[in-house]
Amino acid sequence: MKGIVTKSTGSWYRVLLDGKEVEARLRGKIRTLEIKSTNPVVVGDEVTLEYNAQEYTISAISERHNCIVRKSNKLSKQYQLIAANIDHAFLIASPAKPHTPQGFIDRFLATAEAYHIPVSIFLNKKDLDSRKANTHRKMLLELYPNIGYDIQNVSFLDPNDIAQIKIQVAQKSVLLAGNSGVGKSTLINALLPGSNQKVNTISASYDKGRHTTTFAQMFLGENNTRIIDTPGIKDFGMVHTEPNQVSHYFPEMKNLLSQCKFSNCLHTEEPECRIIQAVEKGEISVSRYVNYLGILEEVSIK
Ligand SMILES: Nc1nc2c(ncn2[C@@H]2O[C@H](COP(=O)(O)OP(=O)(O)OP(=O)(O)O)[C@@H](O)[C@H]2O)c(=O)[nH]1
Ligand SMILES: [Mg+2]
Ligand SMILES: [Zn+2]
């Protein structure tokens, strides 16, 4: 019998089986997967269960359509799996309270490109009104559609926005990502009344948001809607990415790559680089380019 993992704590798993959730443990030996990871089974995995002596055990993992990971720590080659078999990822960002750095947005978008996961941005907390936040919001709302990304100006406290979002997530397995305090749990509570997710109270003096939840977890709605929360997970990482692949994960660079003089151009200081020309001409945003360089530097550390 097969089920879907909805929660993993490392020692036991919660698995959706025939419409109800059961607890399962992992059998000692399981087919090793390609990625070197600290955890073999992850939320969203389809697993084969066996029932023996009133206990469920996971005996196999089905092949994944995709899987998103993070590095266990900055320098290690070990990865922690975060979620698998995602239909659509939603990055939740906020210009203020707390502020989402653009570097975080661009890293997440590039990661989603690398794993071929469709991605949208919810730019949340549109009800908050300050000149600084509004300027930043406007900038993001202009930048991303130009590159081809879907970005939506929303408030998770606005019932009309929630109604719209409900349609977008229906019958899908969706991943919610975003820095602590942007509103992931708030959204889950609004979409799935009854899930009763603990919501952060942000300390006014810090505006940082604390991590109120700790494990990636899947919440189940009607009609096979599955929503995965990733509390406190900041650094999604790219596995097996070579430096010359990074520009392929920036859609506005991808189409120009063939016009660089050198086919192995990394677009840093090579002559006759079409990407650098595009940045100088304003065709590619300086901020996106700077964030490209950041990711390039990171994957170059071997
Ligand atoms: N003003 C305003 N506040 C919001 C909005 N959405 C969420 N919040 C508030 O933001 C705070 C943090 O929301 P959470 O849902 O706990 O954030 P989170 O992303 O789950 O945070 P972590 O679990 O720490 O990763 C709460 O006080 C929410 O009420 C919004 O659209 N407008
Ligand atoms: Mg939360
Ligand atoms: Zn180049």
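**Entry 1: burial in α1.** I looked up which residues of helix α1 are buried, and I found Ile105, Asp106, Arg107, Phe108, Leu109, Ala110, Thr111, Ala112 and Ala114. I note that the model is predicted.

**Entry 2: what covers α1.** I then asked which elements cover these buried residues. The cover includes the strands β6 (67–71), β8 (88–93), β9 (119–123) and β11 (173–177), together with helix α7 (286–300).

**Entry 3: the length of α1.** I checked the span of α1, which runs over residues 102–114. At 1.5 Å a residue, its 13 residues should span 18 Å, and the end C-alpha atoms are 18 Å apart, so the two values agree. Just after α1, I recorded a positive phi of about 60 degrees at His116.

**Entry 4: α1 against α7.** I next examined how α1 packs with α7. Their axes are 10 Å apart and the packing angle is about 65 degrees. Angles of 65 to 115 degrees count as roughly perpendicular, and the two helices are therefore roughly perpendicular to each other. The crossing of α1 past α7 is right-handed. On the side of α1, the contact is made by Gln102, Gly103, Asp106, Arg107 and Ala110; on the side of α7, Ser287, Arg288, Asn291, Gly294 and Ile295 take part.

**Entry 5: the whole protein.** Finally, I turned to the protein as a whole. I counted 7 helices and 13 strands. Of its 302 residues, 36% count as buried. Among contacts between residues at least 6 apart in sequence, 65% join residues at least 24 apart.

Note on methods: Residues numbered from 1 in each chain as written. Chains lettered and ligands numbered in written order. Predicted model: local features only at pLDDT ≥ 70, side-chain atom pairs only at ≥ 80, totals over all residues. Helix = DSSP H or I, 4+ residues; strand = E, 2+ residues; numbered from the N terminus. Expected span 1.5 Å × (residues − 1). Buried ≥ 20, exposed ≤ 12 C-beta atoms within 10 Å, placed from the backbone. Contact = placed C-beta atoms within 7 Å. Axes fitted to C-alpha atoms, helices over the stretch in contact; angles between N-to-C directions. Parallel < 35°, antiparallel > 145°, perpendicular 65-115°, else oblique. Left-handed = near helix turned anticlockwise from the far one by under 90°.
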